Amino acid sequence: MDNIDIKRRLDLLCEKGQKHLRLWSLARIWNVVVNQGVTAGLILSCIIIVLSLGSLLLGRDIWALGPWETAVFLLALTGSYIIVRSLWAFLFFKADRVVSLTFFDEYLSSGSRMATADEFISRKPSTPFEQAAVEDVIHILEQGERAELPKVMTRLAPLSAVLHAKIAGLFGLVILASWLQTAPFDALLQKNLPAVMAAERGRDLLTGPDQEISARMVSREDEILAELNKKDDQSDQTSAKETENRQAGDEGKSSSTKAGKTQTTGQSSGSQGGAGSLTPSPDTNPQKAGDKKPQKSGKKSNGKNLKKAAQKENAQRKSPPKPKAPTAGQKSQQTEKKTADKKKTDKGNRGPETSNKKNSPALMAKKSSDPTGAGEQNRQKKSEDRQVRASSEMKQKKSSGAQLRAKAEPEKKKAPRKSGKGKKSGKKDQKKPSNREKGKAQKPSNKKPSGKPSSRNQKNSATGKQKGKGVDPIKKSRGVASLMLGVPLPDRIKGQAREGYIKKTQEKSDPKAEKSAMQNAGARTERSGKIAPISHPVMTPAMQRVVQKYFETIGQYSKETEKE
Amino acid sequence: MSTPNNQTSQDAHLEAGQFVETFNRIRSQIQNMMVGQDEVIEGVLIAMMAGGHVLIEGVPGLGKTMLVKTLSDVVNLKFSRIQFTPDMMPADIQGTQVLVDTEGGGHELTFQEGPLVSSLVLADEINRATPKTQSALLEAMQEHQITVGRRTIKLDEPYCVMATQNPVEQEGTYPLPEAQLDRFLFKLIVGYPSEQEYHDILDRTTGTNTVLVEGVSSGDEIIRMREIVRAVSVPKQAKTYAVRLIMGTQPGSDYAPDAVNSFVALGASPRGVQGLILAAKVKALLAGRYAVSVDDIRSVTHPVLRHRIVMNFHGQSDDVTTDNIIEKVLGFVKTPDGLA
């Protein structure tokens, strides 16, 4: 038999083995098929989840199936892939030739003769021993052709831990994808989304305490205005001038107004440029000047401070400005600026004055105090200077209120008072709403001696998200100076006088005889001194009795001998 | 059957037959002297036929020295025995220049060969020698030559070093370095005989009967047998399996089980796979085959790899032996293209 015949017979045995190993082959690739199917299911689930989220955000129905349909679709797709792939492998996958012959070798215990011979035949035997190995398989071929192969174990290999995790992940993603299709989720989001978006746009971020502060400030302002109206009726002209100047400064400031008054709405927008707002002068308002000192450190004038504060407040998000009482000219300017401020405040500030105006409790408080509006008009006409004074005081309170707002979230406990509570300066609540924001801008800077930029920045950011940052900590000194201890040390340590040199001198001296008493010789007497102590052994009582008996016995013995 | 070389295949049949016959003859003569220890005897003969050296480890009194002495008598090889001591120097085993008197009254230096210059060297208690003396064996074992000064002495073939080690008395010993351990093809563990073997030992050694062994082979025949062993073919499947086994002993390898990654500091080197293949060839011939199979490689894995694996501290503290590691590797590495 030559190698060609051997090869042909090996081919027949190989086909026989491959047919018998079809199920075995399927079991070998089961893990691979399951892995591929689960991976496909994971990817598809992620795609559906992304589509669902996209449809929610865009407001369109990209994924049309419902929750149950989605779950069934995913699971069915994964399962069908596994089944189809397995069937394909069962029908068309063939065991390797070497595997098939090795199966015969193991069944026949031939020591890999068939597989070895097949390999050597395929590459033509090059050594005598390779040829001998090929010829050695002949008797094995006959056994293989006659053999009835046993059933091969078709037990599926256990799934790996990674595959288990993938399957669990697949089910989780399927559930998530199904849940995203549920009606409650859609309804919930669609229901709340407009309100949420509108609230985000129009709401005053500093709600609650700031509204309360504004309300209290407005009420307090009303009281102050009422008092001032009573006192000052004569200085309308001068106050009008002052108010004009102040309006210019007020308009430059961003102020949160508590609507109720048209003046306040026009002024509270933080009108930049301050054309129509009252601009108090430092001369006519000694309070302001005096207030400025503790409030604002380093600021030059009220007008500049107001402008700066207004600019700050426009950039910041602040509570609704307190209502003011501008003049007619101020009103027109304020209305213009109001619209302009509305646009600006819409960006980052706390809502437009209109919205604040409508919903602010300050407005409601003022309406309640003055439902007709006639008293407000009178005040506008007659007491412009008082408004200026009030606005200046309100500025101070605004600044304190803004500071409170800046600390509103962590310091809500402190917040629910009018402006000025948080202030150490303790300014009165006389500021106009338009100047409130100015004062807020000013006061933190006044309060914080360390840094204006930091205070302004804090103020600008305090209204929004950075509440609670508060005052800059006192700058701590670092470096060697901090290491110095204030321990007084003497420059010199008192020394002690030295003994000095010890001088030794030798003096020549003559020997001198010692004088002593004469002693006469005599006989040696007996010793009269005390002798050395003699140690007596300490005996136990039993030994003492023994010794006593010994001596008694000796005495008796001696007596007996004497008698004898 | 038409084959490229009909005669060569017939010669292969004859040579394989001769190999098996000689091997069995030598083994039977040794078994006449030795009682039991069949695996050790077969291992020693396989190592000799594969051209390697053997490290035999066992407690005293198990016949390690007698085994090697008997082998030398059976194969008619020049035998020398070296009893290593801590004060032994390399010159004591290699040889040294000796001043001898000449006839004319003069003196001359002649090289006095040491016990290392032999065919079959028994290095008794090699772990008692200093590393300096142990290193003197390295060149002889690897290159089959020794160099003393300017003189290079080629050692006669077949050259085989059989070293013994006492695992009990480790105090005052010098463990063999990895470089030297790697040069031994086999490490065989000699155990205690069974009860029946004790009786046989007593009958043979305490009576009046004396057992004589016959010389059934020679050095040239051993050389020829080594050539036959090297001619045995190795299929790709067996080669792949041997390589994967060696890689399985190396931590961090794809074929290494968790035990190897946890307890092994150093795995087998390429000398290990060489030893596996050479020893498997001898096993294949003894099984009547002309090519190495996976089963042949599995059967020689333990003696080939047990001294080439270095355990780390965790393994030593957990009392994990190299044989345990080899078992894990054998269970983890699958036969290529097999049904397992």
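Salt bridges between chain A and chain B number zero in this predicted model. Polar contacts do turn up, though: three residue pairs link chain A and chain B this way, counting pairs with both residues at pLDDT 80 or more. Sorted by class, the chain A residues that touch chain B come out as 14 nonpolar, seven polar and 10 charged.

As for how far the two chains meet, 31 residues of chain A are in contact with 30 residues of chain B. The size of an interface is often given as the accessible area lost when the parts come together. Here, chain A and chain B bury about 2,200 Å² between them, and carbon and sulfur atoms account for 62% of that area. Within chain A, the residues that lose the most area to chain B are A:P128, A:F129 and A:E135, which together make up 27% of what that side buries.

Turning to chain B itself, its secondary structure consists of 15 helices and 11 strands. Chain B has 340 residues, and 51% of them are buried. Its exposed surface comes to about 15,600 Å², with carbon and sulfur atoms supplying 49%. Looking at contacts in chain B between residues at least 6 apart in sequence, 75% bring together residues at least 24 apart.

Methods: Residues are numbered from 1 along each chain as its sequence is written. Chains are lettered from A and ligands numbered from 1 in the order in which they are written. This is a predicted model: local features need pLDDT of at least 70, side-chain atom pairs count only at pLDDT 80 or more; totals for chains, interfaces and linings use all residues. Side-chain values use heavy atoms; hydrogens and water are left out. Helices (H or I, at least four residues) and strands (E, at least two) are DSSP runs, numbered from the N terminus. Buried means under 20% relative accessible area, exposed over 50%, partly exposed in between (1.4 Å probe, protein chains only). Contact means heavy atoms within 4.5 Å. Accessible areas come from the Shrake-Rupley method with a 1.4 Å probe; for residues, only the protein chains shown count as cover. Buried area is the accessible area (1.4 Å probe) that two parts lose on being put together, summed over both. A salt bridge is a side-chain nitrogen of Lys or Arg within 4 Å of a carboxyl oxygen of Asp or Glu. A polar contact is a pair of N or O atoms within 3.5 Å; within protein, one must be able to donate a hydrogen and the other to accept it, and residues adjacent in sequence count only if both atoms are side-chain atoms. Ala, Val, Leu, Ile, Met, Phe, Trp, Tyr, Cys and Pro count as nonpolar, Asp, Glu, Lys and Arg as charged, and the others, Gly among them, as polar.
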